[in-house]
Amino acid sequence: QIEENSSIIESMENDLKVIKNEYARMIYYAYKNRNSYNRLMFIFSSKDFNQAQKRLKYLQQYSKFRQKQAGLIVRTKEILDQKTTEMEAKRVVKKQLLQVKKDERMTLASERSEQNKIYDELKNKEKQLKAGLKAKQKEAKRLQKAIKDIIAAEIRKAREAARKVKGFAMTPEE
C-alpha cells in the first residue's frame, strides 16, 4: 500500500510540475502582454462585432483558465501533502507493530529457552529418581530374599530341634 501511495504521489508530483510549467508560461505571456492597451487592440482589431465578441470571451476564458490552473496547483499540492502525511502515519504505525512483534518474539524465545531449561532439569531429576527407585527396589528384593532365607533357616532349625525333642514340627506358615 505504501508503494502504491508512493507511485501515486510520484505521478501527482509529475503532474504538478507540468501544471506549474504551463502556469509559469501563461503568467510569463500575460506579463509580457499585460498592457490593457494590447488587450483592447486585440479586441478592436477584429473584422466585425462577432469576432470582437469572440475575442473578448476568449480573453475572459483565458483569465478563468489561469485562475483554474492556480487552484489546481494548490489542490494538487494539498492532496500531495495529505497523502504524504497519511503514508508517514501508516509507516509509523507499521514500525510500532513491527517492534511489538519483535518484542513478542524475543519474549517467546526467552520463555521457550526457560521452559527447555526447566524440562532438562526435570528430565535429569526423573533419571535420578528412577535410579533411586531402582536401587530401593533392588534393596527391597535383597531384603525380602534375606528375610526368606532367615525364615527358611529358622524353620530348619525348629524342625531339627523338634526331631531331637520328639515334639511337634512347625509348618512353614508358623
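Ile73 touches Leu16, Ile19, Lys20 and Tyr23, leaving aside residues up to four places away in sequence. The model is predicted.

**Exercise 1. Find the largest nonpolar core, and say which elements give two or more residues to it.**

Step 1. Start from Ile73. Two of its contacts are Leu16 and Ile19.

Step 2. Ile73, Leu16 and Ile19 belong to the largest nonpolar core, which has seven residues.

Step 3. α1 gives the most, with four residues.

**Exercise 2. Describe the fold of the protein chain: how many helices and strands, and in what order?**

Step 1. Count the elements. The chain has three helices and zero strands.

Step 2. The order is α-α-α.

Step 3. Check the burial. Of the 174 residues, 11% count as buried.

Step 4. Check the surface. The chain exposes about 15500 Å², and carbon and sulfur atoms supply 57% of it.

Step 5. Check the contact range. Take contacts between residues at least 6 apart in sequence: 67% of them join residues at least 24 apart.

**Exercise 3. Is Ser46 buried or exposed, and which residues does it touch?**

Step 1. Locate Ser46. It lies in the loop between α2 (36-44) and α3.

Step 2. The cut-off for buried is under 20% relative accessible area. Ser46 has 14%, so it is buried.

Step 3. List the contacts. Beyond four places in sequence, Ser46 touches Gln51, Ala52 and Arg55.

Step 4. Look at Ala52. Its backbone nitrogen lies 3.3 Å from a polar atom of the Ser46 side chain.

**Exercise 4. Where is confidence lowest, and where highest?**

Step 1. Take the whole chain. The mean pLDDT is 85, and 90% of the residues score at least 70.

Step 2. Go by element. Confidence is lowest in α2, at a mean of 69. It is highest in α3, at 90.

Step 3. Apply the general rule. Where pLDDT is low, predicted coordinates should not be read in detail.

Definitions and conventions:
Residues numbered from 1 in each chain as written. Predicted model: local features only at pLDDT ≥ 70, side-chain atom pairs only at ≥ 80, totals over all residues. Heavy atoms only, no water. Buried < 20%, exposed > 50% of the residue type's maximum accessible area, 1.4 Å probe, protein only. Contact = heavy atoms within 4.5 Å. Areas by Shrake-Rupley, 256 points an atom, 1.4 Å probe, with all protein chains shown as cover. Core = buried A, V, L, I, M, F, W, Y, C linked by side-chain atoms within 4.5 Å. Polar contact = N/O pair within 3.5 Å; in protein donor to acceptor, adjacent residues only side chain to side chain. pLDDT = per-residue confidence, 0-100.
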